Amino acid sequence: MFVSKMTLNQSSLFGQVDDLQDLTFIERPIRRSLKTAEEIEKLTVDEDLNDIERAVYLLSSGQDVQRASVIINLPNLVRQNPAETFRRVVPKVREVLHVAGADMQLAAAGSFLTLLQDDIVLIQTHTHSILQIVLLNLDHRDTVVSNAWLETLLSAIDALPKETIRQEILSPLVSKAQLSQSLQARLASCRILGKVACKFESPIVKKDLLPLVRSLCQDVEYEVRSCMCRQLENIARGIGLDHTKAAVLPELVELARDEGSTVRLAAFDTIINLLEMFDSDDRTRVIFPLVKTFCEKCFKADEAVLASLSFQYGKLCHGLSASFTEEQHLWFLEFYKKLCVLGLQHENGHSDNQVYPLELESKYALVRRNCAYNFPAMVLFADPNHFLTELYPTFSSLCHDPEITVRRTMAEGFHEIVKLLGPNVHFIHKELVVLLQDDSLEVLDALLSHLQETLELATSRGEGPGPESKQLIVPELVPALAAAEQKAALSLRWRVHERLLQRYACLPRVVSADQIYFRFLQRMFAIVTTNNVLPVQREAARTLCMFLRYNRKQEQRQEIIGKVLQELAQGRSYWNRLRYLDLCEIAMELFSKAYFCKHFLIQALELVNDPVANVRYKLCHMLPRLRSTIRLPADKHLLQQLEFCVRKLLCREKDKDVVATVRKTVLELDKMDITEPYHKRHERDLLDQKKEKEETLLLEMEQLERQQSEAKLTSEKHTEKKRRDSKTGLSGTKGLSGSTSGATLSTSSGKELRKAKLARSRSLSSHPTTPKMANPDKTLKVKDSGSCPGKGKNLLPMNADEALRSHHFSVAAASSVLSPTPSASSMPVLIRSNTTNTLVDHPHQHQHRSSTLDHRTTNGSKDTQSRKLSIQRKSNSFGMQSGRE
């Protein structure tokens, strides 16, 4: 075995030697490729030459790389010495460009564009020479070079004055637009005409440019007609609304019927872009028949144009919708539905078993993707109230399309559709679940961009008012969200998983706390403790803190905190203990200082005894932030513990990196209270107060909900008991004969029971009254005051909850909902609620008092009038007495 090991090591060693020899062979050609002495001598320039002389010398007898460097540096030469540069250097550049290659031509185009745009030369003096060079190279035989010079000229037109454009550009343009010129020159003329049209007034455009425009629109080459057609939009805006109908619209109509498909497509795009410049009569009589014919012809015979048509379709429908009749509106909607299923099924609705060529299938998929892009616009076009009957089958088809790109486009615009549907959003709940469970991760990634907005709107505008709407799709939504997270976790695209966890922080606004607790919390713990990607772990920790922040059940909160401390702060792996410190950083942002110190700070400081240096190193970096959470003098014991932690690190630490960090941290701790400005400290204190008030509000909401549920349970038990008693009484009446003694006994026992209940309710009430000292008006007031707190009890948790959810649990929103003294303001509500429940649970008391009072009022009006004053005085005295008590 030892010999085999030696052999293996020797072989590996020889292999390394062979590799080194190969490297030496590779190195030899590199040495041969270095410049020789003769080449170095040719590249050497006399140091005594100034910049202008050196540029002239290099342009005359230098290498190509040296000439290119001079051309690139031309703007700097002009800035330093414009007169000499234009007198000596620019003519040489013109000579060099005549025989230069494509790279040098492109460099020159960029340099001359800089000269024209940056105003570094006097336009009146030197623009002529620059534009002459630019216009001369427009006819370069290389198309790439010619287009580069054309872009230079078009960009320079924006910076040139009108008179310069008229003299230097428009004058030679007349000759370049003739049929005798090359195709490339006529195409350049089309683009130049479209660019300069916006620089001049309408009369000049109509007089000088329109003849050239008409000539180019009737050119024998379809490329020229198509290029000029796309410039008609600029021409129309240059001549204004008045002349567009007479001069531009006839040309567009003729071009839309051209034999070339690219020309017809250019005319179609231009018509759509100019829809606002045509009146209603033109749209109805000219544009609509033209567009309808174009759509029909493209659908039957021209698949190449369908892609652009489908992309512009939403803009087209909205531009013409004001002039549509009901029949025309329906036709455009039906044509859109056909485009959405193009390549999937026949017009009669049966499945299409035809196998298309790959190129044609990709064109059809592009058409359907463009239809998916335009779907929000078509919802608006068809009216969201008619979505279910008009567009829902098409919407479902696009969400289930076999092409991933189509489904991804639907996912990207899903939030816009949700906004448009409003109260009818429940129509598309099924498709939301389908997209969340899509097989492709690209679809899920597209849905994540606006997932929070989509979920909030989809779960708050369903059928039924109030909280019922929030529970409509929860049974299907929660499993879909959980499955989406599992799918993202199993993939290798960890950034998608990270984004998904970031978006899941909004779940407390969407689903109930129990669903989060049972379906998502354990999963967040698993990601934090077992995932191998650090950003994913940290995002899961942040989402976990968000779940804890807005959980309103004390038992669940305590269990979550206990699990965090057990699995992270006291975890066996140092990696988990590092994640606990990450979680502490997040908790310091989300929770108030008091909450953090109560639940997280002590366990973080105990990590000073951690056996792993990396944990102690991270703790040292966090010490200043941990110190900022301690409020004096209330948390003096925590400050002592933190100082003890620092002393222990200074005295016992052996790792040099940790020691260096501790020493630096001690200096930061000493300067904290001195260097921080007062206004920043004040803002931080105000923010902490808002967080603390929000936490207090959550606790009060939990108490109110618990008391409300207990009161409801008690009321249900009492109602059930009374129902059973009534059933028992009915059966006893049917089974027994009605004896007078039995009836008398039951009546007397019923009266005794009612008296006992009445006495018990009086003892619990905060406003004691007796039937002898009340009048009918007083009774009504007592009933009303008893009913109002009951309503307040039912509405207070809901209003607070809605306010908290509607502002995304923001700290600022919570401060606006909270009262200045929440504990003081909430206690009277609780007392009134208990009193109300007592009154409601015993309705016979009200009937007894009302019957007594009604009987007294029948004794005569005189008796009532005579006793009013005494009753009022006695009732007031009882009110004062109860108030003192």
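## Aromatic contacts

The count of aromatic pairs in this structure comes to 23. The model is predicted. Two of the pairs show how such rings can meet.

Take Phe395 and Phe414. Their ring centres lie 5.9 Å apart and their planes meet at 45°, so this pair is tilted. Phe395 belongs to helix H23 (residues 392–399), while Phe414 belongs to helix H25 (residues 414–421), so the contact ties together parts that are 19 residues apart in sequence. Phe395 is buried, at 0% relative accessible area. Phe414 is buried too, with a relative accessibility of 1%.

Next come Phe596 and Phe600. Here the ring centres are 5.8 Å apart. The planes stand at 20°, under the 30 degrees cut-off, so the pair is stacked. Both residues sit in helix H36 (residues 593–605). They are 4 residues apart, which means a separation of about one helical turn. Phe596 has a relative accessible area of 0% and is buried. Phe600, at 1%, also counts as buried.

Aromatic residues also gather in a group. One cluster is formed by Phe288, Tyr313, Phe324, Trp331, Phe332, Phe335, Tyr336 and Phe381.

The table lists two cases.

| Charged residue | Ring | Distance of charged end from ring centre |
|---|---|---|
| Lys563 | Phe525 | 5.1 Å |
| Arg579 | Trp575 | 4.6 Å |

In the second, the charged end of Arg579 sits over the ring of Trp575.

Key
Residues numbered from 1 in each chain as written. Predicted model: local features only at pLDDT ≥ 70, side-chain atom pairs only at ≥ 80, totals over all residues. Heavy atoms only, no water. Phe/Tyr/Trp six-rings, centres within 6.5 Å; stacked < 30°, edge-to-face > 60°. Helix = DSSP H or I, 4+ residues; strand = E, 2+ residues; numbered from the N terminus. Buried < 20%, exposed > 50% of the residue type's maximum accessible area, 1.4 Å probe, protein only. Lys NZ or Arg CZ within 6 Å of the ring centre and 35° of its normal.
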